[in-house]
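Subject: A structure for you to look at

Hi there,

Here is the structure I promised to pass on. Please open it and keep it beside you while you read my notes below.

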Amino acid sequence: MNVTSKLKTTFNMKKYLPLVLRIIVALILIQTLRFKFTAHPDSVYIFTKVGLEPIGRIGIGIAELIAGILLLFRKTVWAGALLTLGIIGGAIMMHLTQLGIEINGDGGVLFYTALMTFILSVIILFIYRKDIPIIGKRF
């Protein structure tokens, strides 16, 4: 591999990696909506256990939908990542304080997915930090 092709590969990665990360987080957020909006028994169990059923389940589902959409548009990526951090940060805290890591024998899949989503959102927010109104120009 020569220097030119290495530079092209690096350029393409810098160009497309942020988009790929945004799509991954948006898909994670949006794919969970069917459980929240259809009152899946696992979702109802989780939100009942933390005392937020049904208003919290539906409200958080709406917030996740908004965050997922914001992540897909270049001008609103920062807002989608910030909203995702708030939502998923709350989910992680609920796992650590009330729910536990494993829920209904899922092997911790929900918790670890939340952790991954949180980390990816931090990375996305860092990449798009200059787009944040007022404070973004200082970074």
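Predicted model: local features only at pLDDT ≥ 70, side-chain atom pairs only at ≥ 80, totals over all residues.

Residues are numbered from 1 along each chain as its sequence is written, and side-chain values use heavy atoms, with hydrogens and water left out.

The overall picture

Along the principal axes, the C-alpha atoms of the protein chain fill a box of roughly 55 × 40 × 25 Å. Of its 139 residues, 32% are buried (buried means under 20% relative accessible area, exposed over 50%, partly exposed in between, with a 1.4 Å probe and protein chains only). Among contacts (heavy atoms within 4.5 Å) between residues at least 6 apart in sequence, 61% join residues at least 24 apart.

The cores

In soluble globular proteins, nonpolar side chains tend to be buried together. A nonpolar core is a set of buried Ala, Val, Leu, Ile, Met, Phe, Trp, Tyr and Cys residues joined through side-chain atoms within 4.5 Å. The largest one has 19 residues, and Val25, Leu29, Leu71, Ile88 and Ile124 have the most contacts inside it. Two or more residues come from each of α1 (3-31), α4 (55-72), α5 and α6, with α5 giving the largest share, six residues. A second, separate core of five residues includes Ile46, Val50, Leu99 and Ile103.

Helices α5 and α6

Helix α5 covers residues 77-99, and its buried residues include Gly80, Ile87 and His95. Just after α5, Gly100 takes a positive phi of about 95 degrees. Helix α6 (residues 109-127) has 19 residues that should span 27 Å at 1.5 Å a residue, and its end C-alpha atoms are 27 Å apart, which agrees (the expected span is 1.5 Å times one less than the number of residues).

How do α5 and α6 pack, and at what angle? Their axes are 9 Å apart, at an angle of about 150 degrees (axes are lines fitted to C-alpha atoms, for helices over the stretch in contact, and angles run from 0 to 180 degrees between N-to-C directions). That makes α5 roughly antiparallel to α6 (under 35 degrees counts as roughly parallel, over 145 as roughly antiparallel, 65 to 115 as roughly perpendicular and the rest as oblique). Residues making the contact include Trp78 and Leu82 of α5 and Leu110 and Phe118 of α6.

Helices α3 and α4

The axes of α3 (residues 41-49) and α4 come within 9 Å and cross at roughly 110 degrees, and the two helices are therefore roughly perpendicular to each other. Ser43, Val44 and Phe47 in α3 meet Gly56, Arg57 and Ile60 in α4.

A proline to find

Pro18 sits in helix α1 and counts as buried at 9% relative accessibility. Its C-alpha atom is separated by 7.3 Å from that of Ile127, 109 residues apart along the chain.

Happy exploring!

How values were computed: Helix = DSSP H or I, 4+ residues; strand = E, 2+ residues; numbered from the N terminus.
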